[in-house]
Amino acid sequence: MLRGLVKRFDSTVAVAGVDLTVPAGSFYGLLGPNGAGKTTTLSMAVGLLRPDAGDVRVLGHDVWRDPVRAKQLLGVMPDGVRLFDRLTGAELLAYHGLLRGMDPTVVDQRAAELLDVLALGDAGRTLVVDYSAGMKKKIGLACALLHGPRLLVLDEPFEAVDPVSAALIRDILGRYVAGGGTVVFSSHVMEVVERLCSHVAILAAGAIKQVGTLDEVRGDRTLEQVFVTVVGGRSATGEELAWLSR
Ligand SMILES: Nc1ncnc2c1ncn2[C@@H]1O[C@H](COP(=O)(O)OP(=O)(O)OP(=O)(O)O)[C@@H](O)[C@H]1O
């Protein structure tokens, strides 16, 4: 639950008072154009960036006043996936598990299973710095899932991911929600949001412009049509970039 979140960077108001209630068990898609404030909002929601104003609660626990309990319940894949990339995939998972105080045997079992399910089995012994962008997304997701969180917050989980891996991630997230988990993720891919999400919020210029269940937000249009209407598209006149034509 986010209440009145505000974040400024010098003169830029990145997030201008965001309220969002994510029901337990929902699959929540956060949409918005580049620079809308999605990453800033999600970073504040998971305790990575301190808001200038507002509150964040994860299943009743305040992320800033009760961070240990809130973060036990959270699995996070931040933007750009800042990972300790001089470790192998297996080592990175072991590091995450031990940092969270998990039993080493359980960490080993889960890490092997996650690497296998995410088709990173062979890459388990490769340094993460040598992974492709999509593989980094997948190991980032594995790190977020390792401790069995109740809420997953993922910043653009499908970016740079090939179609086979995207289907795999959709499947894993679908099963996670069916098993009682809650997912919040940001995305630019309307089809994925339409296919997966029970709830959608559209953010523009740091504020929520549309929010509700997928059907409420979409009405009888496609999500893309709603998005373009809400965000305000800029249509080309045909005169631009004439120098590109031969
Ligand atoms: N660390 C920072 N310092 C200064 N300005 C920032 C910083 N982080 C974000 N901003 C600004 O805040 C605004 C929101 O950025 P944010 O990264 O949250 O957008 P976004 O919706 O995630 O965009 P995208 O879809 O391109 O990833 C932008 O104007 C951005 O330039």
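How many C-beta neighbours does R110 have inside 10 Å, and does R110 count as buried, partly exposed or exposed? R110 has 18 such neighbours, and it therefore counts as partly exposed; a residue is buried if 20 or more other C-beta atoms lie within 10 Å of its own, exposed if 12 or fewer, and partly exposed in between, with C-beta atoms placed from the backbone. R110 sits in helix α4, where helices (H or I, at least four residues) and strands (E, at least two) are DSSP runs, numbered from the N terminus.

The model is predicted, so local features need pLDDT of at least 70 and side-chain atom pairs count only at pLDDT 80 or more, whereas totals for chains, interfaces and linings use all residues. Residues are numbered from 1 along each chain as its sequence is written.

Taken as a whole, the protein chain has nine helices and ten strands. Its radius of gyration is 19 Å, close to the 18 Å that the globule rule gives for 246 residues, so the chain is as compact as a globular protein of that length. This radius is taken over C-alpha atoms, and the globule rule is 2.2 Å times the number of residues to the power 0.38. Along the principal axes, the C-alpha atoms fill a box of roughly 60 × 50 × 40 Å. Buried residues make up 38% of the 246 in the protein chain. Among contacts with a separation of 6 or more, 66% join residues 24 or more positions apart, two residues being in contact if their C-beta atoms, placed from the backbone, lie within 7 Å.

Helix packing comes next. Two packed helices are described by the angle between their axes and the distance between the axes. Axes are lines fitted to C-alpha atoms, for helices over the stretch in contact, and angles run from 0 to 180 degrees between N-to-C directions. Helix α3 (residues 89-99) and helix α4 (residues 104-117) have axes that come within 9 Å and cross at roughly 140°. That angle makes α3 oblique to α4; angles under 35 degrees count as roughly parallel, over 145 as roughly antiparallel, 65 to 115 as roughly perpendicular and the rest as oblique. On the α3 side the contact involves G89, A90, L93, A94, G97 and L98, which meet P104, V107, A111, L114 and L115 in α4. By class, this contact of α3 with α4 has nine nonpolar, two polar and no charged residues. Here Ala, Val, Leu, Ile, Met, Phe, Trp, Tyr, Cys and Pro count as nonpolar, Asp, Glu, Lys and Arg as charged, and the others, Gly among them, as polar.

Helix α3 also packs against helix α5 (residues 133-145), at an angle of about 25° and with the axes 9 Å apart. These two helices are therefore roughly parallel. The crossing of α3 and α5 is right-handed. G89, L92, L93 and H96 of α3 make the contact with I139, A142 and C143 of α5. The residues of this contact of α3 with α5 divide into five nonpolar, two polar and no charged.

Back in helix α4, Q109 counts as exposed because it has 11 C-beta neighbours inside 10 Å. Q109 and V193 are 84 residues apart along the chain, and their C-alpha atoms are separated by 32 Å. In helix α6, A166 is partly exposed, with 18 other C-beta atoms within 10 Å. Neighbours within four places in sequence aside, A166 is in contact with F158 and V161. The C-alpha atoms of A166 and H188, 22 residues apart along the chain, lie 14 Å from each other.

L59, in the loop between β4 (53-58) and β5 (61-62), has a phi near 45°, a positive value in a residue other than glycine. With 13 C-beta neighbours inside 10 Å, L59 counts as partly exposed. E156, in the loop between β7 (151-155) and α6 (163-178), is not a glycine either, yet its phi is positive at about 50°. E156 is buried, with 22 other C-beta atoms within 10 Å.

How values were computed. Left-handed = near helix turned anticlockwise from the far one by under 90°.
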